[in-house]
Amino acid sequence: MNAQPKPALSPTELDAFWMPFTANRQFKANPRLLARADGMRYWTVDGREVLDAVAGLWCVNAGHGRREITEAVTQQLNTMEFAPTFQMGHPIAFELANRLAAIAPPGMDRVFFTNSGSESVDTALKIAIAYHRARGAGQRTRLIGREKGYHGVGFGGMSVGGMVNNRKIFGSSMVPGVDHLPHTLDLGHNAFSRGLPHWGAHFANELERLIALHDASTIAAVIVEPISGSAGVILPPVGYLKRLREICDKNDILLIFDEVITGFGRTGKPFAAQSFDVTADLMTTAKGLTNGAVPMGAVFAQRKIYDALMQGPENAIELFHGYTYSAHPVACAAALATLDIYEREGLLTRAATLAPKWEDAVHSLRGTKHVIDVRNYGLIAAVELDSRAGKPGARAFDVFLKCFERGVMVRQTGDVIALSPPLIIEEKQIARIVETLTEVIRDTD
Ligand code: PXG
């Protein structure tokens, strides 16, 4: 099926939209415009088909154009387009929270709704601080993130994040009292590991060093992505997350897993916490929650956290936090329809079934010119290229462009090509992605 070609936009028509995380001038000189999507594919405005190897931006886990979601959203818009959730409620918000609690890691059965991953992160950080205060430990306000971490772009998420370009120009505006663990990427020890690397669990012990420096009594929470996405797919060494959990437990520090990209089936279980058998105290999600169809995020909390905050007079608001669009009815309808699809089609565990084929396919890139590492887990992979002298990121950007020209959409970050296809992917499409990538890398200087 071909999309109807649409007239191209003239250069001046591209001016007004200040594009996010984009080289605006470069893009506008040679725009890549998408017009339509279905299943595993996009079509460009000029009708060219592009295989989606990144689920949009790690969010369209059930593939594009899911009619059930469209219908649920349409029906909700026709019934009640908006309802407040401050001192009011609407039934499907409660239904969705219950459905999410049922697939969550053990004990995480309280759900706070947001509209994005960034809002989920800032919400979780605030809940962590409020929790300690409610228990009489109001001095626990320090937050610990990790180098190369990405937790969105709010002030809280930026501060605990560890990607230099996202931080350096806002340096003096960071949330105070934040420190960072070292990242766990080490090509010297772990290049071309299949699945989780076996070397590096000891990086978790750095948390003890930070505790010795700041004292546990000042630390509210540690936030990490179980698998980092934006920094170029960094996997936790075997035993690393368990060790973090132990140190947090010993010191009464909350552990927050940022599962914005790992949530909803990406790792082969509903959440990475379940794949790695480590449960956090708070868990941030977004993206796959609605299959990307409507913006929505959700923070999952252990019941003990919710209960600790349910104190004071009954008429008192317990947590002064929330968004006009928390549990927006249209987003709730999209999320419920999405969960129905995930469950009916077994998508929350399909990545585990496909993972061995995916792993073999992506590791076939080992030995290709420029390739210095391949990393994978579930339906995630990264191919790291050596950088051109003095031009970090340039080679991978060329690869990204050429893949797009040859009909495959990948993501580039630094000199890493990241892959995170919709969970409905078929084996022949895995082969197509890897063949295209191999050819393109071979053809790139
Ligand atoms: N936490 C994590 C772990 C994320 O990956 C966010 C928070 C922020 O979510 P919002 O919805 O506010 O953007 C993210 C977002 C990429 C890529 O290609 C990753 C994200 C966004 C855009 C691109 O790796 N992650």
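My entries follow, one topic at a time.

**Ground rules.** I'm working on a predicted model, where local features need pLDDT of at least 70, side-chain atom pairs count only at pLDDT 80 or more, and totals for chains, interfaces and linings use all residues. Residues are numbered from 1 along each chain as its sequence is written, and side-chain values use heavy atoms, with hydrogens and water left out. Helices (H or I, at least four residues) and strands (E, at least two) are DSSP runs numbered from the N terminus.

**The sheet.** I traced an open sheet of four strands, ordered β11-β12-β15-β14, with antiparallel pairing; two strands pair if DSSP finds at least two bridges between them. β11 (371-377) and β14 are the edge strands, each with a single partner, so one side of each has no neighbour in the sheet. From one strand to the next, the twist averages 20° (axes are lines fitted to C-alpha atoms, for helices over the stretch in contact; angles run from 0 to 180 degrees between N-to-C directions). β12 (residues 380-385) pairs with β15 over four antiparallel bridges. Contact here means heavy atoms within 4.5 Å.

**Gly414.** Where does Gly414 lie? I found Gly414 in the loop between β14 (411-413) and β15 (416-419). Gly414 is partly exposed at 38% relative accessible area (buried is under 20%, exposed over 50%, partly exposed in between; 1.4 Å probe, protein chains only). Leaving out residues up to four places away in sequence, Gly414 touches Gly393 and Ala396.

**Helix α10.** In α10 (residues 240-250) I noted Tyr240, Leu241, Leu244, Arg245, Ile247 and Cys248 as buried. Down the axis of α10, the buried residues fall within an arc of 170°, so they line one face of the helix; the arc is that of the directions from the helix axis to the C-beta atoms. Their cover includes β5 (142-146), α9 (206-214) and β8 (254-258). Asp252, which follows α10, has a positive phi near 60°.

For Lys287, a side-chain N or O atom lies 3.3 Å from a ligand nitrogen.

Technical notes. A polar contact is a pair of N or O atoms within 3.5 Å; within protein, one must be able to donate a hydrogen and the other to accept it, and residues adjacent in sequence count only if both atoms are side-chain atoms.
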